Amino acid sequence: MNQNDFLSEFTPLPDSVALPQRILADYEADSCLSQKEDGRLTLRLRRKADGQWIVLKAASVDREDLAEEYRILTALAPLLPGAVPEPVDCFEEDGTGYLLRTYLEGENLTQWREREEGCPEGLCISLGRKLCALLGVLHSQQPPVIYRDIKPENILLLPDGGIGLIDFGIARQFKDGKDTDTRHMGTRATAAPEQYGYAQTDQRTDLYGLGMTLIWLLTGRYDRDSLTQTEEISPHLRSVLEKAVASCLYTQIPESRINTELFNHHQKTEYPYNHTENAF
């Protein structure tokens, strides 16, 4: 990351930030990664003992369930070393929840595409396979972990050529027999219809977000119709992506939406996820 990239990604610490002594004893605040109007805050810290970068998320306990994110990361980190953050600590103080997790080095997909000004189909397919393998690990848990916020900003291209996922803030475990989610959240451009309350999110929800992300990667637009307006996309890939973003009105998640195996039509990706496979 060069100086301009650093300045565009990180901002100075807000003047109003007051961190608990439990954090200040072991960490130094470095920069602000994000600050929401509702008070949610994400900072980058440096651990005093070894200089390691750590991410701190802080949110009111009624705004975000950081304890659930901590539990999910605790389960996934050993299965996906280096591809998801490792949880470090989680606690509540004076009505605010705090989550500390490791900082993953890398370039997010938005930054990469802006720099490359596009993406060839071969790279898109390779990325799709890697993400399907990663999601396959999440979805194979009992109960399955649904990420629910697949989007370019949350997908990291790691220095070793692997793929990483960050920000499990709205991830949840699938609850069999439940009709809808308690909270309907996600990023509008990549959120599946069921995330607006029509049904409970499940594995297919993540595949919708993946499909929309790959359509954007190829065309620069979050628009299913853009697939037919780009001659460079092969019929097979167009068919796979159309199935990925299939939607059904009001109450049902379409059974026709792709599963992770379709991206591996010509080449299997082994499980568990191997983040050292070089695609970029």
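1. Contact here means heavy atoms within 4.5 Å. Axes are lines fitted to C-alpha atoms, for helices over the stretch in contact, and angles run from 0 to 180 degrees between N-to-C directions. Helices (H or I, at least four residues) and strands (E, at least two) are DSSP runs, numbered from the N terminus. On these terms, helix α3 (residues 66-76) lies across β3, β4 and β5 and runs at about 160 degrees to β4.

2. This is a predicted model, in which local features need pLDDT of at least 70 and side-chain atom pairs count only at pLDDT 80 or more, while totals for chains, interfaces and linings use all residues. Residues are numbered from 1 along each chain as its sequence is written, and side-chain values use heavy atoms, with hydrogens and water left out.

3. On confidence: pLDDT is the predictor's confidence in each residue, from 0 to 100. The average for the protein is 80, and 74% of the residues score at least 70. Two stretches deserve a remark. Over residues 248-254 pLDDT stays under 50, and the model has 12 contacts beyond four places in sequence for them. Over residues 265-280 pLDDT also stays under 50, and there the model has 47 contacts beyond four places in sequence.

4. Overall content: the secondary structure comes to 7 helices and 10 strands. Of the 280 residues, 50% count as buried (under 20% relative accessible area, with exposed over 50% and partly exposed in between; 1.4 Å probe, protein chains only). Among contacts with a separation of 6 or more, 58% are between residues 24 or more positions apart.

5. The sheet: an open sheet of 5 strands has the order β1-β2-β3-β5-β4, with antiparallel pairing (two strands pair if DSSP finds at least two bridges between them). Its edge strands, each pairing on one side only, are β1 (27-35) and β4 (87-93). From one strand to the next the twist averages 20 degrees.

6. Strand β3 (residues 53-60) is mostly covered, with 7 of its 8 residues buried. With strand β2 (residues 41-47), β3 forms 6 bridges in the antiparallel sense. Within that pairing, Thr42 is opposite Lys57 and Leu43 is opposite Leu56. The hairpin of β2 and β3 has 5 residues between the strands, and Gly51 in this hairpin takes a positive phi near 80 degrees.

7. β3 also pairs with strand β5 (residues 96-102), again antiparallel, over 7 bridges. Leu56 has Leu100 of β5 as its bridge partner.

8. Helix α4 (residues 109-116) packs on helix α6 (residues 203-219) at an angle of about 15 degrees, with the axes 10 Å apart. The two are therefore roughly parallel (angles under 35 degrees; over 145 counts as roughly antiparallel, 65 to 115 as roughly perpendicular and the rest as oblique). The residues in contact include Leu109 and Trp112 of α4 and Trp216 and Leu217 of α6. α4 passes α6 in a right-handed crossing (the near helix is turned clockwise from the far one by less than a right angle; anticlockwise is left-handed).

9. The axes of helix α5 (residues 121-139) and α6 come within 11 Å and cross at roughly 160 degrees, so α5 and α6 are roughly antiparallel. This crossing is right-handed too. Among the residues making the contact are Cys124, Leu127, Leu131 and Leu135 of α5 and Leu207, Leu210, Leu214 and Leu217 of α6.
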